[in-house]
Amino acid sequence: MLKKNHAIWQETLKVALPLCLSYIPVGLACGVLLQKVGFNGFYTALISFFVFSGGAQFLAAAMLVDATPIASIILMTLFLELRYILLSSSLSTFIKKEKKGFISIFTRTINDENYAVNYLKFSTDKNWTSRKALMVNRYSLASWLLSNVAGTMLGSVIPLETHIVDFALTAMFIYMFTMQLQNKLIIFVGLFSGVLSVVTMLLFQSTIGLILATVIASLTGYFIEKKIKLTKLPEKPMLRDSKPFETEVPTTHE
């Protein structure tokens, strides 16, 4: 039994290792930025554990630089992380037989990268189990947390202007946006939300403008997509996949 558990430990570590290694440079950078906005190692560990999202943590760092109210940070994080509902739903068919406690822990540790690894394994490996998937989630969480804390420790000795957070956040969201460019509708909604954000920020002079722009742009995209799907046109160019960027789930380098 002990030998079998050891084999599972080795197997899941082999699957998760590329993912864990990829977290180190990003996690270090995120930890450094968090230190610059006032986080110590303990608070960095807490936010890394409970949020477990590079996007949300970079966003929080940028908003703290601008002295944004906590309520606005929570709202923006909520909108940013809503996609995890869809990710969890697509994995639910593979873990539906597990107890609620297990499912609760599993969904709490999902992020974009370990979701891609587990979805690929569930789809291609008949011996992949929910227990192994949870191990991958835990390995990735541990790697992210330790990288963040190490970055925070390094941040105290690395001279860095806090305003670099804004540029890092912008670069990260440009990357995230380009990875989603699959059809003309998404391109339109992305450009519309950018213009709308500028307008609402000028009007409200606070981050509530970003929240309003996010909600309005998302609803606009939803209703346009719904309208297009209800039409009886033989082709729907706005929704046709263009796939100009790599969108496949990454391999596990087995």
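**View 1. Isoleucine 110 and its contacts.** Leaving out residues up to four places away in sequence, isoleucine 110 touches Phe52, Tyr84, Leu87, Ser88, Leu91, Tyr115 and Asn137; contact means heavy atoms within 4.5 Å. The model is predicted: local features need pLDDT of at least 70, side-chain atom pairs count only at pLDDT 80 or more, and totals for chains, interfaces and linings use all residues. Residues are numbered from 1 along each chain as its sequence is written, and side-chain values use heavy atoms, with hydrogens and water left out.

**View 2. The whole protein.** The protein has eleven helices and zero strands. Helices (H or I, at least four residues) and strands (E, at least two) are DSSP runs, numbered from the N terminus. Buried residues make up 36% of the 254 residues; buried means under 20% relative accessible area, exposed over 50%, and partly exposed in between, with a 1.4 Å probe and protein chains only. Among contacts with a separation of 6 or more, 79% join residues 24 or more positions apart.

**View 3. The largest nonpolar core.** A nonpolar core is a set of buried Ala, Val, Leu, Ile, Met, Phe, Trp, Tyr and Cys residues joined through side-chain atoms within 4.5 Å. The largest one holds 30 residues, of which Leu34, Leu91, Phe106, Ile110, Phe122, Trp128 and Val136 touch the most other members. Two or more residues each come from α1 (2-36), α3 (54-65), α5 (83-95), α6 (100-108), α7 (112-124) and α8 (130-155). The most come from α1, which gives eight residues. Another core, of eight residues, lies apart from this one and includes Ala56, Ala60, Met76 and Leu80.

**View 4. Phenylalanine 52 in its loop.** Phenylalanine 52 lies in the loop between α2 (41-50) and α3. Its phi is near 50°, a positive value in a residue other than glycine. Phenylalanine 52 is buried, with a relative accessible area of 2%.

**View 5. Serine 48 in helix α2.** Serine 48 is found in helix α2 and is buried, with a relative accessible area of 0%. Neighbours within four places in sequence aside, serine 48 is in contact with Gln57, Leu141, Trp144, Leu145 and Asn148. Serine 48 and valine 149 are 101 residues apart in sequence, yet 8.6 Å apart in space, C-alpha to C-alpha.

**View 6. The second largest pocket.** On a 1 Å grid over the protein atoms alone, a pocket is an open set of points where a 1.4 Å probe fits, with protein on both sides within 12 Å along at least five of seven lines; lining residues have an atom within 4 Å of a point. The second largest pocket has a volume of about 320 Å³, the volume being the space filled by probe spheres set on the points. Its lining has 14 residues, of which Ile47, Val51, Ile73, Ile74 and Thr77 lie nearest the centre. The elements giving two or more residues to this lining are α3 and α4 (70-81); α4 gives the most, with six residues.

**View 7. The two faces of helix α10.** In α10, Leu185, Val189, Gly190, Leu196, Ser197 and Thr200 are buried. They cover an arc of only 140° around the axis, which puts them on the same side of α10; the arc is that of the directions from the helix axis to the C-beta atoms. The face turned away from this buried side carries the exposed residues Lys184, Leu191, Val195 and Leu202. Just after α10, glutamine 205 takes a positive phi of about 55°.
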